[in-house]
Amino acid sequence: QLQLVESGGGLVQPGGSLRLSCADSGFTLKYYAIGWFLQVSGKEREGVSCISSSGGRTNYADSVKGRFTIPRDNAKNTVYLQMNSLKPEDTAVYSCAAMTSLVNFYCSFSPKEYKYWGQGTQVTVSS
């Protein structure tokens, strides 16, 4: 069973950058597609970005295209969310999640497809 742990959140000024990390101590993360989701209080959880287990497929929400990337380092058992040019509207709790798939080039923005979730990390973009 995966135990996902996010880190890297915090307070940053508009235009700044943060790198979130999602890791699993069991060293099996490489077999899972990983998604990053954000949630603002009182609103539904939204998909931000995802990457297939192979790393060959990535998806990005329109709101973050060109600003965020989702590299994965299977040797370090870690998936990152590199967040650049941050805006106040990016403020949210960010969570990573893991899903299994029959194919290694698939990932999804549907929270229902993800079985394992981290606890979330707060990102606040404010001057």
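Biologist: Buried means under 20% relative accessible area, exposed over 50% and partly exposed in between (1.4 Å probe, protein chains only); which of these does Gly55 count as?

Modeller: Gly55 counts as partly exposed, because its relative accessibility is 32%. This is a predicted model, in which local features need pLDDT of at least 70, side-chain atom pairs count only at pLDDT 80 or more, and totals for chains, interfaces and linings use all residues. Residues are numbered from 1 along each chain as its sequence is written, and side-chain values use heavy atoms, with hydrogens and water left out.

Biologist: Where does Gly55 sit?

Modeller: Gly55 belongs to the loop between strand 5 and strand 6 (58-60); strands are DSSP runs of E, at least two residues, numbered from the N terminus.

Biologist: And how far is Gly55 from Val79?

Modeller: Their C-alpha atoms are separated by 9.9 Å, while Gly55 and Val79 are 24 residues apart along the chain.

Biologist: On to Thr78, then. Which strand holds Thr78?

Modeller: Thr78 is in strand 9, which covers residues 78-83.

Biologist: Is Thr78 buried or exposed?

Modeller: Thr78 is buried, because its relative accessible area is 9%.

Biologist: What lies 2.8 Å from a polar atom of its side chain, that of Thr78?

Modeller: The backbone oxygen of Lys76 lies at that separation of 2.8 Å from the Thr78 side-chain atom.

Biologist: Which residues is Thr78 in contact with, leaving aside neighbours within four places in sequence?

Modeller: With those neighbours set aside, Thr78 is in contact (heavy atoms within 4.5 Å) with Ser21, Cys22, Ala23, Leu29, Arg72 and Asp73.

Technical notes: Helix = DSSP H or I, 4+ residues; strand = E, 2+ residues; numbered from the N terminus. Polar contact = N/O pair within 3.5 Å; in protein donor to acceptor, adjacent residues only side chain to side chain.
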